[in-house]
Amino acid sequence: MQLSKNFSLKELTASQTADRHGISNNPSEDHMDNLKKLCDNVLQKVREHYGKVVSVSSGYRSPELCVKIGSSMRSQHAKGQAADFEIFGIANADLAKYIIDNLDFDQLILEFHKPEEPNSGWIHCSYKNKEENRKQVLRAYRNDDGKTVYEPYDPSWAVERLNDEKKLEQDKIIDQYMQKGIWREDGYIINRF
Ligand SMILES: [Zn+2]
């Protein structure tokens with residue numbers, strides 16, 4: 001079954017862990033509708049812009065799959081609203097920048113991306129609906145204690161060496177986010193990072 005021209009339900013529900021452990025990973029009707037919205041508004045548009053295959057590493061996650069892989073059931077993956085993906089040959093910071101500048105989305109996270117390694121990490125992007133999309137952009141990385149940290153992110157920060165003015169601007173944006181509290185991918189609010 002196709003969710004959009006180039007994306008099948010199979011691609012958005014594929015999971016080696018689910019296969020290996022015989023876990024069912026079938027979305028409900030509501031979650032299927034969410035997956036369709038995500039495909040129509042984000043994945044298909046990215047596919048058409050670049051004219052290249054978009055490799056989805058994780059889309060929908062059923063409750064059993066969330067438990068097995070230690071993913072929160074509050075994650076947008078569990079509602080069919082989010083996917084992790086990348087495009088071979090396109091730097092993830094560039095892909096993030098294209099989405100941020102051109103598409104409507106709820107939350108985009110540049111996950112475990114190192115600016116000095118363009119192919120490192122992947123993009124997590126979610127879509128709810130036009131009225132509720134927050135257009136929030138974060139990056140995730142592991143701190144020295146091995147904990148995953150989420151902080152506001154602007155993709156231009158990855159490609160430009162920060163001068164003082166830019167650094168000031170970055171600090172201001174981080175302050176604004178901190179006042180509001182930041183939604184992590186798994187749905188928890190954190191106030192400091
Ligand atoms: Zn994700």
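1. Start with the largest nonpolar core, which has 30 residues. Val-42, Leu-43, Ile-99, Leu-108, Ile-123 and Cys-125 touch the most other members. Two or more residues each come from helix H3 (29–50), S4, H5, S5, S6 and S7. H3 is the top contributor, giving six residues. Bear in mind that this is a predicted model.

2. Cys-125 deserves a look. Neighbours within four places in sequence aside, Cys-125 contacts Val-42, Ala-82, Ala-83, Ile-99, Phe-105 and Leu-108. Of these contacts, Val-42, Ile-99 and Leu-108 are also listed, like Cys-125 itself, among the core residues that touch the most other members.

3. Next, the sheet. It is open and has six strands, ordered S3-S4-S6-S5-S7-S8. Pairing is mixed. Strand S3 (55–58) and strand S8 (148–152) have a single partner strand each, so they stand at the edges, and one side of each lacks a neighbour in the sheet. On average, neighbouring strands are turned by 30° against each other, direction ignored.

4. Inside the sheet, check the pairing of strand S5 (residues 107–111) with strand S6 (residues 122–126). The sense is antiparallel, over five bridges. Ile-109 has His-124 of S6 as its bridge partner.

5. Which strands does helix H5 touch as it packs on the sheet? Helix H5 (residues 92–102) touches strand S4 (82–86), S5, S6 and strand S7 (136–142). The directions of H5 and S5 make an angle of about 170°.

Methods
Residues numbered from 1 in each chain as written. Predicted model: local features only at pLDDT ≥ 70, side-chain atom pairs only at ≥ 80, totals over all residues. Pairing = 2+ DSSP bridges. Helix = DSSP H or I, 4+ residues; strand = E, 2+ residues; numbered from the N terminus. Axes fitted to C-alpha atoms, helices over the stretch in contact; angles between N-to-C directions. Contact = placed C-beta atoms within 7 Å. Core = buried A, V, L, I, M, F, W, Y, C linked by C-beta atoms within 7 Å. Buried ≥ 20, exposed ≤ 12 C-beta atoms within 10 Å, placed from the backbone.
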